[in-house]
Amino acid sequence: MSEHDLPTLRLPSAARRTLREEVTAALRAALISGELRPAVVYSAATLASTFGVSVTPVREALLDLVKEGMFEVVRNRGFRVTALSDRDLDEFLEIRALIEVPMMRRVIEQASQPALTALRPIADEIVAAAERGDLIAYIDADLRFHLGLLALAGNQHLVSVVNELRTRSRLYGLAELHERGGLVDSAREHHTLLDALAKGDAEESEKIMTVHINHVRTIWAS
């Protein structure tokens, strides 16, 4: 794959975002979904042409993502997605499980029923995105759901840690999972999790979250 074989990238619609922020969000989503691949050098000019914007916000967005460790600069050529080893991915997954699974009990203790209900429209977005194979929308809604859920536990620093872990680990293989028909099943687990949390069933909530996170390893293995 070369940078000329770019996927159809688009800027997300979001109110009160600068163009730089929109490009950063779009690049991050495309990277997480695997549409931008390691070993390919991308130029800011080519990406700008794909987005239909000027080069400056694209270059600024890429430099922001370099600081996050998601891209690296290739001198006199452009930017390359930072490659991750299987060990890196496994370690990210292990940390996520250590944080997100036990936090389900804290969410049950602290979250109100209206707060849990407010997450259901986002769960609907996840399922709808999975059904139509819109990976960028899936990634966006999935991240909002999980960070919103963890926020109900009352520890914003924990939310920031998980946000960074999810961003850096990147969900490879979503397209393959969709083609196998597994993406919709994974998407529906968000509703199942909310049902268990609403009932106050901590053990079932932890079990569902464990299974849900383990899907990520299956995606990587594919």
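## Helix α3 and the sheet

In this predicted model, helix α3 lies across strands β2 and β3 and runs at about 115° to β2. The sheet is open and consists of three strands in the order β1-β3-β2, with antiparallel pairing. Strands β1 (41–42) and β2 (71–74) stand at its edges; each has a single partner strand, so one side of each is left without a neighbour in the sheet.

Four bridges join β2 to strand β3 (residues 78–81) in the antiparallel sense. Phe-71 stands opposite Val-81 of β3.

## Geometry of α3

Helix α3 comprises 13 residues (55–67); at 1.5 Å a residue it should span 18 Å, and this agrees with the 19 Å between its end C-alpha atoms. Its residues Pro-57, Val-58, Ala-61, Leu-62 and Leu-65 are buried. Because these residues cover an arc of only 135° around the axis, they fall on the same side of α3. Just after the helix, Gly-69 adopts a positive phi of about 85°.

## Nonpolar cores

The largest nonpolar core contains 39 residues, and Met-104, Val-107, Phe-145, Leu-149, Leu-193 and Leu-197 have the most contacts inside it. At least two residues of this core come from each of α4 (86–110), α6 (120–132), α7 (135–151), α8 (156–169), α10 (183–198) and α11 (202–221). The greatest contribution is that of α7, with eight residues.

Leaving aside residues up to four places away in sequence, Phe-145 touches Leu-119, Ile-122, Ala-123, Ile-126, His-190, Leu-193 and Leu-194. A second, separate core has 23 residues, including Val-40, Leu-62, Phe-79 and Val-81.

Methods: Residues are numbered from 1 along each chain as its sequence is written. This is a predicted model: local features need pLDDT of at least 70, side-chain atom pairs count only at pLDDT 80 or more; totals for chains, interfaces and linings use all residues. Side-chain values use heavy atoms; hydrogens and water are left out. The expected span of a helix is 1.5 Å times one less than its number of residues. Buried means under 20% relative accessible area, exposed over 50%, partly exposed in between (1.4 Å probe, protein chains only). The arc is that of the directions from the helix axis to the C-beta atoms. A nonpolar core is a set of buried Ala, Val, Leu, Ile, Met, Phe, Trp, Tyr and Cys residues joined through side-chain atoms within 4.5 Å. Contact means heavy atoms within 4.5 Å. Two strands pair if DSSP finds at least two bridges between them. Axes are lines fitted to C-alpha atoms, for helices over the stretch in contact, and angles run from 0 to 180 degrees between N-to-C directions.
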